[in-house]
Amino acid sequence: MRLPVLIALALLAALPVVAQRPLSPEGMVEIAYGGDARQRLDFTPSARPGQSPLVLFIHGGAWSMGDKAMAGHMAAHFRRRGYAFASVGYRLVPDVDPRRQAEDVAAALARLLGDSRRLGIDRERVMIMGHRAGAHLAALVGTDPAYLAAHHIPIAAIKGVVLLDGAGYDVAAQLQAAGPLLRGMYRRAFGDDPAVQASLSPAGHAAAPNAGSFLILHISSRGDSAAQSERLGALLRAAGTPAEVVSVDNSHAEIFRRFGEPGHRATALADAFAEALFQR
């Protein structure tokens, strides 16, 4: 069996499975933001009347797998808390590279903000989140203003960013430290050109301007995520952007799969961050 097939099987086996959780929260609708079949998002309105804060989530899957439907349990959780929620689908490797994926995320947010009044979204209270590869994309859109600028949106429109156990914030450093399996995954997504790797590394864009503030969570047992998270946090703070880095005792899948469950520390941290962020 060829190595890329082995990599795909290993990553597929690692994808979080959401079992016995609501996959279609009340009021959820699919919205297109582009012409490709994957350029769709699942939008769930707040359970409260009026213009509500928006949480936009980006799924993981090694930039080559995953689906927006994976976040149904998060939609239900944030809806109960009075927030609108959107789970973004995006085009996947090898059809596109992470630059195009970040462009998809920005386009999805622009689509929502452009229809904010009808959708019940408060444009002044927006938070983005991502898990695994989605954490990298959230960090990239939250540090490189070019993606939102293409839609005439300032990066300051994102009040906060929550990252769930990402490790691609400095692509070149990750490639250097990774073993063969992980190195192959990163090369398939980012290629071998150092200039491209640097341009797609959030650490390289941490100088201001950035999104308003960051909560960077990583699991305690994963050294690469810890190192990458700490470095990104330090670079953001050096640029004057508030950034808290916290280690949590979950697995790489559980930090996402168990989100919203009682006693789940990553949920409690994200909820407290959002509550402080969205205070008027």
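A: Begin with burial: a residue is buried under 20% relative accessible area, exposed over 50%, and partly exposed in between. Keep in mind that this is a predicted model.

Q: Is Glu-254 buried, exposed or partly exposed?
A: Its relative accessibility is 25%, so Glu-254 counts as partly exposed. Glu-254 belongs to helix α11, residues 254–257.

Q: What does Glu-254 touch, not counting residues up to four places away in sequence?
A: With those set aside, Glu-254 touches Phe-259 and His-264. As for Gly-166, which is 88 residues apart from Glu-254 along the chain, the two C-alpha atoms are separated by 13 Å.

Q: Which residues have the most contacts inside the largest nonpolar core?
A: A nonpolar core is built from buried nonpolar residues joined through side-chain atoms. Here the largest one has 60 residues, and Phe-43, Leu-54, Trp-63, Leu-112 and Leu-163 have the most contacts inside it. Helix α3, residues 98–114, gives the largest share of this core, with nine residues. Another core, of 27 residues, lies apart from it; among its members are Leu-215, Ile-219, Val-246 and Phe-273.

Q: What does Leu-112 touch?
A: Leaving out residues up to four places away in sequence, Leu-112 touches Ile-31, Leu-41, Phe-43, Leu-54, Leu-56, Ala-86, Leu-119 and Ile-121.

Q: Which residues are buried in helix α8?
A: In α8, residues 180–190, the buried ones are Gly-184, Met-185, Tyr-186, Ala-189 and Phe-190. Just after α8 comes Gly-191, with a positive phi of about 75°.

Conventions
Residues are numbered from 1 along each chain as its sequence is written. This is a predicted model: local features need pLDDT of at least 70, side-chain atom pairs count only at pLDDT 80 or more; totals for chains, interfaces and linings use all residues. Side-chain values use heavy atoms; hydrogens and water are left out. A nonpolar core is a set of buried Ala, Val, Leu, Ile, Met, Phe, Trp, Tyr and Cys residues joined through side-chain atoms within 4.5 Å. Buried means under 20% relative accessible area, exposed over 50%, partly exposed in between (1.4 Å probe, protein chains only). Helices (H or I, at least four residues) and strands (E, at least two) are DSSP runs, numbered from the N terminus. Contact means heavy atoms within 4.5 Å.
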